[in-house]
Amino acid sequence: MERVYLKIIFGGLLALVFLVGGIWGGVRVFRKWQEHRLITQANAFLERGNDRLAAAAASRAYALNLGDIEACRILAGISDRNGLIAAVEWRRRAYELKNSTFDDALAYAKAALRFGDRERARGVLEATKERGAAVAAYHETAAQLAILDQDPAATEKHLAEAARIEPESKKYALTLAVFRLQSPEASVRDAARDILAGLLTNEKLRMDAARALLQDAAQRRDLPAVLDSVRRLQSYPEATLRDRLLIFPVLRQADTTAFTTALTEAQEAAAKDPAQIAELAGWLARNNMALLALDWMKRLPEEMQRKDRVPLALSDCFAALSDWDALVLWGKKPWPSFDYLRHAFLARAARETGRDLDAASEWNVAVKQASVDGNAMSNLAGTVLSWRWNKEGEGLLWRLVDDQKSQDGALAALQQYYTETEDTADLYRVAIRTASLRPDDFSAANNGAQLSLLLNLNPDTARSTARRLYEKNPTNAAIASTHAFGLFTRGKIKEALAVMATLPPQQLRDPTIAAYYGVILAAAGEKEKAKEYLALGEQAKLLPEEKTLVAQAKARLEAP
């Protein structure tokens, strides 16, 4: 009987193990099937041009499996198309997954460059340089970085290598020719123009070649060549509204009659597309022709005036003309998709006319309506910051930092805003918050350490962080300069110079890096060399504390 009971007990346990395993395996299989179904749905929505539903499906797939590289790629692509800095983060996640490819690395570097993060791009390109040596797209991306580094020799080298690797792909020849238009040598510029002229017969590349020739002719103030380029661009059926906008400033200066004709044609072509109406009206408003834009839009059918971003364009024109009564009248009817902005514009009109209570009421409604959607909140923040409503815009962006879906874009917008306003203390807040959200992001940690040293806040911790980052990334110019600055603040001038000496000359001549190098050189007594790099550093957009450092270094050089 004992054996029987034991068999029953062990059999039951074994059956339970199989049951649990079956349930677990079934759950895994179901989750995998659900993940695959969501990715399929996302791709189907992309084919239909519905980014919103595609992003929703991909986000759900990513939530089921944080290692789903296809979800990362889809979300990165959608962010990229919509100009959202979240593209960088999604590209990073795809790049760091085990099943990532060289294309993921390249896409990550390109996204970082697009949003101005040179150091991330540099790190990726450095890590993949052996594999990328024989890939034209790698050299094209490296050339973009070299352009931002203001290194023409490296730019020429990479563009020429890309054209050599894929001679059949004329796009690299076009890029190289466009770059050579800026050469100091007349013969090189003439040869580049000949190459671009030859590409005008290539249907895929002729628009880019024609745009380049137009810009070159405008820079040279060669009016016959400008008008010839304008006529050529207008003759291409694939020319877009943006091409027309590229032409308008040239025509407006060169030929008033031709400009009037071209503008009329553009208005007729855009009249059936709300997005084009808004874009054309926005260009007119920015170029002191808001009254002309209003006259045109008022003649459009009322149904079209209420579509997409057209109500915003009309409101911008009323605001540009300070016609607040007309803006209030226009804002009485709802704006589909953008009603929160309608209330924001009404708040602006009320504030401009001294009705503070009405302004506060309308602003509260705008915030309440936008708060249900991170994109709406971000859009509202960007709009009011353009009005110099700094307190309101900053408040909205900091609220978005607490939203996981919107925090990347909000932090990037705050960083850009505080950089423009030269607010070092708030930049430090952004850096610390970014580093806390992304503990593995060395660029964010380095920014925090650098700003901490500038503000003399927790300098010992900052120097320790800078040293640790440098030990892991000794070739990264931004990290090296932060570590060197940390040594400088401790009076270790020789050690700081030794760190900076490890960087290649083109990185040292980057204006931001050059400012720190010049400060350290001045402290070391290398006067002539310090003058050169301090002059380069003054070309950078420096924070107040950095300007003080440069000024102190220059004063040291001038002292007897």
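Q: Which residues does T155 touch in this predicted model, leaving aside those up to four places away in sequence?
A: T155 touches A143, A146, I147 and F179 in the predicted model. T155 itself sits in helix 9, residues 152–165.

Q: Why is T155 called buried?
A: The relative accessible area of T155 is 1%. Buried means under 20%, so T155 is classed as buried.

Q: How do you know that the span of helix 29 agrees with its number of residues?
A: Helix 29 covers residues 477–489, which is 13 residues. The expected span takes 1.5 Å times one less than the number of residues, and therefore helix 29 should span 18 Å. Its end C-alpha atoms lie 18 Å apart, in agreement with that value.

Q: What makes N476 a cap of helix 29?
A: A side-chain oxygen of N476 lies 3.1 Å from the backbone nitrogen of A478, at the N-terminal end of the helix. After helix 29 comes G491, with a positive phi near 85 degrees.

Q: Which residues line the largest cavity, and which class does each count belong to?
A: The lining consists of A515, Y516, V519, E546, L549 and V550. Helix 32 (511–524) and helix 34 (544–558) each give two or more residues to this lining. Five lining residues are nonpolar, none is polar and one is charged; Glu counts as charged, so E546 is the charged residue.

Notes. Residues numbered from 1 in each chain as written. Predicted model: local features only at pLDDT ≥ 70, side-chain atom pairs only at ≥ 80, totals over all residues. Heavy atoms only, no water. 1 Å grid on protein atoms, 1.4 Å probe; cavity = no way out; pocket = protein on both sides within 12 Å on 5 of 7 lines; lining within 4 Å. Helix = DSSP H or I, 4+ residues; strand = E, 2+ residues; numbered from the N terminus. Buried < 20%, exposed > 50% of the residue type's maximum accessible area, 1.4 Å probe, protein only. Contact = heavy atoms within 4.5 Å. Polar contact = N/O pair within 3.5 Å; in protein donor to acceptor, adjacent residues only side chain to side chain.
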